[in-house]
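I opened this notebook to record what I looked up in the structure, entry by entry.

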Amino acid sequence: MKTIYINKSILITILLLSLSTAQDVSLKATVSANVMTVDDRFEYSVEVAGKSTSLPDVEFPDFKDFYILSGPNSSTSIQFINGSMTSSKTLSFIMQPKAEGKFTIGKAAIEVNGETY
């Protein structure tokens, strides 16, 4: 059995501050596993959250080293707590490595007010 290593450094969190719309937006990308065999599947998820129901679209990295078995799958959430609203959307993919080796998944990005983060 051969092992695939997916660089855990793709776990990123970006907090965007001082947006002209006065909303904080965060972007977080995660993987469900970082060591696997070529027969294993894993989930890659990107969550965008903020204080608006109009969250920016996600630009995904290149998945050239992986088969996309499912996705993008999406879920959304809106919460009202003590009069404050927050919302989030999560987009996920079920993927499988194409070959053995060590791979890095690039950064996901969002565009807010003409700026890419």
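Before reading any bridge partner, I noted that two strands count as paired if DSSP finds at least two bridges between them. I also noted that the model is a predicted one.

Entry: overall make-up. The protein exposes about 7,000 Å², of which carbon and sulfur atoms supply 47%. Among contacts between residues at least 6 apart in sequence, 67% join residues at least 24 apart.

Entry: S7 and S8 form a hairpin with 2 residues between them, and Asn82, which sits in the turn, has a positive phi of about 50°. S8 also pairs with S5, for 9 bridges join these two strands, which run antiparallel. In that pairing I found Glu43 opposite Ile94 of S8.

Entry: the open sheet. Which strands make up the open sheet, and in what order? I found 3 strands in the order S6-S10-S11, with antiparallel pairing. The edge strands are S6 (58-59) and S11 (115-116), each of which pairs on one side only. Strand S10, residues 109-112, pairs with S11 over 2 bridges in the antiparallel sense, and I noted that the bridge partner of Glu111 in S11 is Thr116.

Entry: charged pairs. How many salt bridges does a search of the whole structure find? I recorded 1 salt bridge, and it is formed by Lys89 and Asp57, whose closest N and O atoms are 3.5 Å apart. The pair links distant parts of the chain, since Lys89 lies in strand S8 (residues 84-97) and Asp57 in the loop between strand S5 (42-50) and S6, 32 residues apart. Side chains of opposite charge can pair when their charged atoms come close. Are the two partners buried or exposed? Lys89 is buried, because its relative accessible area of 16% is under the 20% cut-off, whereas Asp57 counts as exposed, because its relative accessibility of 62% is over 50%.

Entry: I looked up the largest nonpolar core and found 21 residues in it, of which Phe42, Tyr44, Met95 and Ile105 touch the most other members. Strand S3 (25-31), S5, S8 and S10 each supply at least two residues of this core. In soluble globular proteins, nonpolar side chains tend to be buried together.

Entry: Ser45. Ser45 is buried, because its relative accessible area of 14% falls under 20%. Leaving aside residues up to four places away in sequence, I found that Ser45 touches Lys28, Ala29, Thr30, Thr90, Leu91 and Ser92.

Methods: Residues are numbered from 1 along each chain as its sequence is written. This is a predicted model: local features need pLDDT of at least 70, side-chain atom pairs count only at pLDDT 80 or more; totals for chains, interfaces and linings use all residues. Side-chain values use heavy atoms; hydrogens and water are left out. Helices (H or I, at least four residues) and strands (E, at least two) are DSSP runs, numbered from the N terminus. A salt bridge is a side-chain nitrogen of Lys or Arg within 4 Å of a carboxyl oxygen of Asp or Glu. Buried means under 20% relative accessible area, exposed over 50%, partly exposed in between (1.4 Å probe, protein chains only). A nonpolar core is a set of buried Ala, Val, Leu, Ile, Met, Phe, Trp, Tyr and Cys residues joined through side-chain atoms within 4.5 Å. Contact means heavy atoms within 4.5 Å. Accessible areas come from the Shrake-Rupley method with a 1.4 Å probe; for residues, only the protein chains shown count as cover.
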